[in-house]
Amino acid sequence: MKTINKFTMTFDSYSSNEYFARAAVAAFVTQLDPTLEELNDIKTAVSEAVTNCIVHAYKDKIGKIYISVDICDGGIVKVKIRDKGCGIPDVKLAMEPLYTTVGGERAGLGFAVMESFTDGIRVVSKIDKGTIVTLTKKLELRVKGNA
């Protein structure tokens, strides 16, 4: 998979930055002329991943969230969301629907939502080092121009 274009950004883990992150990723991906559904899928998955960083990785402190977006040949979009937070002790367990360490209003569906709106998800995490969530979405290629 060859990268054609790449975008990176770093921002603080304030909840007010979640909307900015999803909008910035969506704006970058629009160069592929995605459908509204494809764009909304990407925005939703990015929102969930960024929210996980804010709520879980940095719990009671502010840290950095790093996003990179690769547009690859064949209409493939690869989004990496990384933090340098507390890490996930058991990634397999954390990815189970309804599992949450926070409780309250949190439903424990973040990874399930990411999975349902993308074509692939990979999670790598190390305790006290952070987590990298890689989301992959293949967009339908459309011929531009007059039909």
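This briefing describes the sheet, the first helix, one aspartate and the cysteines of the structure above. The model is a predicted one, and its sheet is open, with five strands in the order 1-2-3-5-4 and antiparallel pairing. Helix 1, which spans residues 17-29, lies across strand 1, strand 2 and strand 3 of the model. No disulfides are present in the structure.

**The sheet**

- Within the strand order 1-2-3-5-4, the edges are formed by strand 1 and by strand 4 (120-126), each of which pairs on one side only.
- Averaged over this sheet and with direction ignored, neighbouring strands are turned by 10 degrees against each other.
- Strand 1 and strand 2 run antiparallel and are joined by nine bridges; within this part of the sheet, T10 has Y66 in strand 2 as its bridge partner.
- As a general point, the strands of a sheet pair through backbone hydrogen bonds, and the pairing can be either parallel or antiparallel.

**Helix 1 and its cover**

- Helix 1 consists of 13 residues and reaches 18 Å from its first C-alpha to its last, which is close to the 18 Å expected at 1.5 Å a residue.
- Relative to strand 1, helix 1 runs at about 170 degrees, while it lies across strand 2 and strand 3 as well.
- The buried residues of helix 1 are N17, E18, A21, R22, A24, V25, A26, F28 and V29, and what covers them includes strand 1 (3-12), helix 2, strand 2 (64-72) and strand 3 (76-83).
- In general, an α-helix has 3.6 residues a turn, so residues three or four places apart point the same way.

**D41 in helix 2**

- D41 is placed in helix 2, which covers residues 36-57, and D41 counts as buried because its relative accessible area of 11% is under the 20% limit for that class.
- Leaving aside residues up to four places away in sequence, D41 touches F117 and K137.
- With K137 there is also a polar contact, made between the side chain of D41 and the side chain of K137 at 3.0 Å.

**Cysteines**

- C53 is buried, since its relative accessibility is 4%, whereas C86 has a relative accessible area of 27% and is therefore partly exposed.
- The structure holds zero disulfides, a disulfide being, in general terms, a covalent bond between the sulfur atoms of two cysteines.

Key
Residues numbered from 1 in each chain as written. Predicted model: local features only at pLDDT ≥ 70, side-chain atom pairs only at ≥ 80, totals over all residues. Heavy atoms only, no water. Disulfide = S-S within 2.5 Å. Buried < 20%, exposed > 50% of the residue type's maximum accessible area, 1.4 Å probe, protein only. Helix = DSSP H or I, 4+ residues; strand = E, 2+ residues; numbered from the N terminus. Polar contact = N/O pair within 3.5 Å; in protein donor to acceptor, adjacent residues only side chain to side chain. Contact = heavy atoms within 4.5 Å. Expected span 1.5 Å × (residues − 1). Pairing = 2+ DSSP bridges. Axes fitted to C-alpha atoms, helices over the stretch in contact; angles between N-to-C directions.
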